[in-house]
Amino acid sequence: MDVSWIPGDNDLIVTVVAGLVVLGGAAAALIGRTRQAPPRPAPPTSPSAAPEEPAVEPEDDATAAVATAEAPERVEDRFARLRRRVSGGLGASLLSIFRRGALTQDDWDELEETLLLADVGAAATDALLADLRARLRADPDAEPRELLRAALLDVVDPSLDRMLAFGEPGRGETDAVIVVGVNGVGKTTTVGKLARVLVAEGRTVVLGAADTFRAAAADQLETWGARVGVPVVRAHADGADPASVAFEAADRARDDSVDVLLVDTAGRLQNKQGLMDELGKIVRVVSKVSPPREVLLVLDATTGQNGLTQARVFGQVAPLTGIVLTKLDGTAKGGIVLAVQRELGVPVKFVGLGEGADDLAPFDPHGFVDSLLGD
């Protein structure tokens with residue numbers, strides 16, 4: 001039998017090695033194909049599987065603003081919470097003099113000086129001292145604190161109407177409010193805080209950014225409006241006519257049957273007649289849509305008697321119906337409250353007693369006097 005095809009030992013080794021090389025290459029190729037293979041698709045869901053939820057459409061700006069609007073603090077709680085911020089320095093000084101017993105002429109002179117330094121003003125000081133003398137003569141044994149409290153209340157005059165002259169909310173008519181004042185008193189901030197007060201009372205509001213001379217005023221007002229979901233009408237270009245912005249805001253408020261229109265005006269210096277004329281124009285154009293129910297003058301309580309000068313000049317341009325005193329906390333002396341009402345016959349309706357968004361409160365005459373006296 002022919003056995004020449006059977007390999008020898010050496011040939012057998014070579015054959016085995018070659019076979020191993022071939023098998024190794026094949027295995028490597030298989031592994032490579034496995035790594036590069038795409039992932040298998042997920043198995044189809046069964047008919048019983050829950051359907052996907054539909055995509056949520058993004059909210060528009062107005063809807064988003066309303067959804068994120070803050071809830072302002074109840075108006076009734078504000079002054080009570082902030083009473084401790086009213087400086088008691090004036091009342092403490094007066095009480096210390098009264099506790100000396102029978103008052104000498106030097107004591108009366110010191111009383112007068114104390115009142116004048118507290119920004120009470122000359123006319124209000126004379127009236128308060130005359131009232132105190134009469135009370136002491138009528139009842140020499142009375143408690144000094146009670147006599148002083150009664151005299152201060154007479155000057156503050158709780159009988160003045162401090163309510164905003166608004167109708168019932170939701171009746172379909174717009175009550176217009178124009179807010180005036182000089183530069184730096186916090187007018188735009190006051191308008192924003194007042195919007196929060198009105199929203200807390202359940203009223204709808206439109207803000208008119210008629211301060212077109214200060215570029216940041218409209219942006220600032222929009223920020224305040226967005227926090228409580230209140231729309232703002234502003235100029236379409238910098239330096240636009242303030243009266244046209246006020247008219248557009250009044251027109252929108254009427255068309256939307258909004259309860260209150262708040263118009264912010266530029267910080268007008270009282271000695272610039274042109275700017276004061278512009279304020280008068282704003283009042284006139286708003287009146288064509290809705291005669292202003294309120295013209296509120298914002299005064300910085302720390303300016304003292306300068307505020308009275310401002311108030312008199314603004315009163316010549318627009319019929320002032322109320323005063324908003326800002327910055328009454330801190331360095332304010334409190335006496336300006338007594339002076340401004342006596343000089344103008346216009347009631348203080350709101351006071352700013354802090355930096356917080358809800359630190360604007362309706363003025364409470366009894367609470368104010370008690371705070372001065374440290375009660």
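How do the residues of the lining of the largest pocket divide into nonpolar, polar and charged? Point 2 takes this up.

1. Basis of the note. This is a predicted model, in which local features need pLDDT of at least 70 and side-chain atom pairs count only at pLDDT 80 or more, while totals for chains, interfaces and linings use all residues. Residues are numbered from 1 along each chain as its sequence is written, and side-chain values use heavy atoms, with hydrogens and water left out.

2. The largest pocket. The lining divides into 12 nonpolar residues, one polar and six charged, where Ala, Val, Leu, Ile, Met, Phe, Trp, Tyr, Cys and Pro count as nonpolar, Asp, Glu, Lys and Arg as charged, and the others, Gly among them, as polar. Of the 19 lining residues, Arg162, Met163, Leu164, Glu201 and Pro362 lie nearest the centre of the pocket, and α8 and β7 (348-352) each supply at least two residues of the lining. A pocket here is an open set of points on a 1 Å grid over the protein atoms alone, where a 1.4 Å probe fits, with protein on both sides within 12 Å along at least five of seven lines, and lining residues have an atom within 4 Å of a point.

3. The chain as a whole. The protein chain comes to 14 helices and eight strands, taken as DSSP runs numbered from the N terminus (helices H or I, at least four residues; strands E, at least two). Of its 375 residues, 43% count as buried, that is, under 20% relative accessible area, with exposed being over 50% and partly exposed in between (1.4 Å probe, protein chains only).

4. Helix α9. In α9 (residues 215-228), the buried residues are Ala217, Ala218, Leu221, Trp224, Gly225 and Val228. Seen down the axis of α9, these residues fall within an arc of 125°, so they line one face of the helix; the arc is that of the directions from the helix axis to the C-beta atoms. Their cover includes α8 (187-200), β2 (205-209), β3 (232-233) and β4 (260-264), with contact meaning heavy atoms within 4.5 Å.

5. Gly229. Just after α9, Gly229 takes a positive phi of about 70°, and its place is in the loop between α9 and β3. Gly229 counts as partly exposed, at 33% relative accessibility. Although Gly229 and Val199 are 30 residues apart in sequence, their C-alpha atoms are 9.1 Å apart in space.
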